Amino acid sequence: MKDIHSFLCPPAETARRHGPHDRIVMSSRVRLARNLKDSAFPGWAKKPERVKVYETIRPAVESLPEMATAYSEAMDNLTALDKQILVERHLISREHAAKNVGSGVVLNREETLCVMINEEDHLRMQALRPGLQLRQAWNAIDHLDSELEKKLDYAFDNDLGYLTACPTNLGTGIRVSAMLHLPGLVLAEQINPIIQSVNKLGLAVRGLYGEGTEALGNVFQVSNQMTLGESETLIVERLEKVLSQIIEHEDNARLTLLEKKPKVVYNQIGRAYGILANAHSITSKETMNLLSLLKLGVDMGLFSGAERSLVDELFLVTQPAHLQKQLSDKLSAEERDLLRADMVRDRLKGVNRPVAKPPTASN
Amino acid sequence: MLCSVCKEKPATVHLTQIVGDKMQKVDLCEECAKAKGVNDATTFAMADLMLGLGAAQEVEQAVGSELKCPRCGFSQADFKKTGRLGCPLCYRTFAEGLEGLLKTMHKGVRHAGKVPEALRRTRDTVDRLKSLQKKLAKAIEDENFEDAAALRDEIKVLNAPAAKAR
């Protein structure tokens, strides 16, 4: 059994992954849901059937050329901490983290392809890319799926397409999504109308960890909801269009804020820096929300010399499981808050306090 | 997108309700929204509409609560409870009731995306057969028997290898 912690890319490196528009679009993802023809869906199947499905799918996925050097493990062989780490990296869903016997995960070396076996569906495969790269992600997962369909008997209906456990995923089984950092729209109080108009287009807006989660750190996930009656490329294209508009709105909101309410912006960013650089106890939620403002300050050029990757790295390593992993003893939430504050203070030592005026021609 | 209640007029009122980690959406036309008292989303219990008057009840009426999937034993009550189906065959078992639900949920009711390579030919054949059969019916109705005969022959040829699909 390989160790997941040594397999995963170190946070300092993941924070340096770059893609188009990555100032606002943190990552792009395309996920496909597939099921085997003659088996009950994971939520309804009894344990022996689930195990049988897992044992059919796992070797098929592992045999793909893309997965030659992959990490592959059964969920019951992972500790709660391992699973939580994978959730914080957005590699598996929270729902999948709760699975045990008969479920598994296969993750490629580059962490760009991740297959969950026996999540809500027999197969949930996803392609991930930094920045705005929906098309690239779709092409990658489309290819993986085409390879897999040669080895597995998918449940497919001429009229209804790929059959899924939940009717909401029926047809293409596709979920195209992007994770967006939108502090400008939140500060300018424009985020709610934006969410509403995005909803009207049949797209969903969710929080950091997907369905039903809070938008911590001003991070929002935008994704398609309808999966039947439209082709995958059409869905990808529509999301691309909407995202480019949201990017524009976020850019405008930032510019307008600086122009009309510079004091509000400097105050928020300055206070965020003040707390992060001086606190001795801080929760992960507060850390994320303040890091978001710090990142906005870096984007605006208020922190000379500071790199965005430092903020992105802190965003990941201050989350509960990542923090716990760096320490040998099991800690209580209170103890973690102390250590989190120590870590953030230490890492911000080299970052000077923000200037009150952005350098000209920034952004 | 059509109104989830009357299924006639276009939906202009869109509600999203998040309870715990479940999100529900409902789309209504203006009349139905008014009729249901959806002027103030905060005092409005969407679950009632979604599950009480919406699709779930319709499913029940259409198929009766006794119906069980022959492959996996999944029942209507199970669907109501979980919102998920039991196995791929359930889509055939509960097809009648699901149709209305799918209409409110999706852009269309017919898959328009990727098709597994191995099934692509059969799917094309089935589509072609359907269109030929339509043409044949029309030709017979118009008493255009020359075309009808040609169409029938074409259908016969196509039918042989496609007998297994659907």
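Axes are lines fitted to C-alpha atoms, for helices over the stretch in contact, and angles between N-to-C directions run from 0 to 180 degrees. In this predicted model, helix 11 (residues 284–299) and helix 12 (residues 308–317) of chain A pack at an angle of about 170 degrees. Chain A also contains an open sheet of 8 strands.

**The helix pair**

- The axes of helix 11 and helix 12 of chain A lie 9 Å apart.
- Because angles over 145 degrees count as roughly antiparallel, helix 11 of chain A is roughly antiparallel to helix 12 of chain A.
- Helix 11 of chain A contributes A:Met288, A:Leu291, A:Leu294, A:Lys295, A:Val298 and A:Asp299 to the contact.
- From helix 12 of chain A, the residues that meet them are A:Arg308, A:Val311, A:Asp312, A:Leu314 and A:Phe315.
- The residues of this contact between helix 11 and helix 12 of chain A comprise 7 nonpolar, no polar and 4 charged.

**The sheet**

- The strands of the sheet in chain A follow the order 2-3-4-5-1-8-10-9, and their pairing is antiparallel.
- Strand 2 (71–74) and strand 9 (203–206) of chain A are the edge strands, each pairing on one side only.
- From one strand to the next, the twist averages 15 degrees.

**Strands 3 and 4**

- Within the sheet of chain A, strand 3 (residues 104–107) pairs with strand 4 (residues 113–117) in the antiparallel sense over 4 bridges.
- A:Leu107 has A:Cys114, in strand 4 of chain A, as its bridge partner.

**A helix on the sheet**

- Helix 3 (residues 47–62) of chain A packs on the sheet, where it touches strand 2, strand 3, strand 4 and strand 5 (123–130) of chain A.
- The direction of helix 3 makes about 170 degrees with that of strand 2 of chain A.

Key
Residues numbered from 1 in each chain as written. Chains lettered and ligands numbered in written order. Predicted model: local features only at pLDDT ≥ 70, side-chain atom pairs only at ≥ 80, totals over all residues. Heavy atoms only, no water. Pairing = 2+ DSSP bridges. Helix = DSSP H or I, 4+ residues; strand = E, 2+ residues; numbered from the N terminus. Contact = heavy atoms within 4.5 Å. Parallel < 35°, antiparallel > 145°, perpendicular 65-115°, else oblique. Nonpolar A, V, L, I, M, F, W, Y, C, P; charged D, E, K, R; others polar.
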